[in-house]
Amino acid sequence: MTTDHPGLVIWDIDGTLIPADLRWLRRAVSRTYAIAEEGVTFPTRRVHGYTDESIVIDTAIASGIAPHAAEAGIERFHQVLPKVMEEGAQELAREQPAYLGAGDAIAALHDLGFVQTVLTGNLRAAAEVKLRVNALDTHLDLDVGAYGDDARDRFDLAPIVTHRVAERYGTIDAAKSVIIGDAPNDIACARSAGFRIIAVSHRMSRQELSSHAPDAILDRLEPAEVVSAAEAVIANGH
C-alpha cells in the first residue's frame, strides 16, 4: 500500500532541534560505572551523530573501564539514563531550549500533511524527555521513529523508520523521505537509505557541511525555509 502524504520528514534531535549537551551522558556514565563525574572522559573522536550506546562504551573505556566491563554496563545504563533525564527536566528546559523556529517548523510541515518522526542515537526515553520538555512532540509520531536502543549502529536505524512508517501509513518512497540533521553522520545515514537530506548549520559551518554534499543547507529553522527546502529536495528527487 502506498500513501498520498506529501512526504516523510525525519528529524535528528541533538544539534538539530535542540542544542547538543553531553551533561546527561556524563552523569549517566558516572552513575553506571561508579566514576566521579569529573573523571568521565569522552573519546577524542567526534561523538555527534553516533548512538548513545556506542558513545557510552567508548567513553567508559576512555575513562579507564575495561572493555568487557564497559559492555557489561550497558544494561544498567539503560536504567540510569531515563532517571537522569527526568531528574534534570527543569534544568534541560532552562539550559537546553529548542532552537528558534523548531516548533513552528514542525507545525508548518504538519499543516501540509507531512508525516514526521525522529531518527536519533538517543535512547527513546531520553529522546521523549528532550522533546516533551521543549514542547516539540505534538506533531511527531514517535512510535514510528528509530532510537539508540533499536540499534547501536546509526546506519541500521533508517530501515527501521521505513518499516515502521510503512506499517502505520503505507509505503512512502525513499525519494520523498527527508532527514533533517546537523552532522556528517546524518548525511551519510540518509544517503545509505536513499533518503533526501537537509543539513542545518547549527554546529558546523556551511563550508564544512557542503563537503559532505547534502541536498540543501539551512542556517536556521525558519519555518518557511524548512518547508521550502523539504518540498524542493523531494521535487528534485523525482
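Modeller: Start with Ile 10, which stands opposite Ile 179 in strand 3. Keep in mind that this is a predicted model, where local features need pLDDT of at least 70, side-chain atom pairs count only at pLDDT 80 or more, and totals for chains, interfaces and linings use all residues. Residues are numbered from 1 along each chain as its sequence is written, and side-chain values use heavy atoms, with hydrogens and water left out.

Colleague: Which residue is the bridge partner of Ile 179 in strand 4?

Modeller: That's Ile 197. Strand 4 (residues 196-200) runs parallel to strand 3, and 4 bridges join them.

Colleague: And in what sense do strand 1 and strand 3 pair?

Modeller: Parallel, over 4 bridges, with strand 1 covering residues 8-11. Two strands pair here if DSSP finds at least two bridges between them. The strands themselves (E, at least two residues) and the helices (H or I, at least four) are DSSP runs, numbered from the N terminus.

Colleague: How many residues of strand 3 are buried?

Modeller: 5 of its 5, over residues 177-181. Buried means under 20% relative accessible area, exposed is over 50%, and partly exposed sits in between (1.4 Å probe, protein chains only). Both faces are covered, with Ser 177, Ile 179 and Gly 181 on one side and Val 178 and Ile 180 on the other.

Colleague: Changing topic, what's phi for Ala 34?

Modeller: Near 55°, a positive value in a residue other than glycine. Ala 34 is in the loop between helix 1 (23-33) and helix 2 (52-62).

Colleague: Is Ala 34 buried or exposed?

Modeller: Exposed, with a relative accessible area of 73%. Ala 135 also has a positive phi near 55°. That residue is in the loop between helix 7 (124-133) and helix 8 (157-169), and it's exposed at 56%.

Colleague: Now the whole thing. How many helices and strands are in the protein?

Modeller: 11 helices and 5 strands. The radius of gyration is 17 Å, close to the 18 Å from the globule rule for 238 residues, so the protein is as compact as a globular protein of that length. That radius is taken over C-alpha atoms, and the rule is 2.2 Å times the number of residues to the power 0.38.

Colleague: What does the C-alpha trace span?

Modeller: About 50 × 35 × 35 Å along its principal axes. Of the 238 residues, 53% count as buried.
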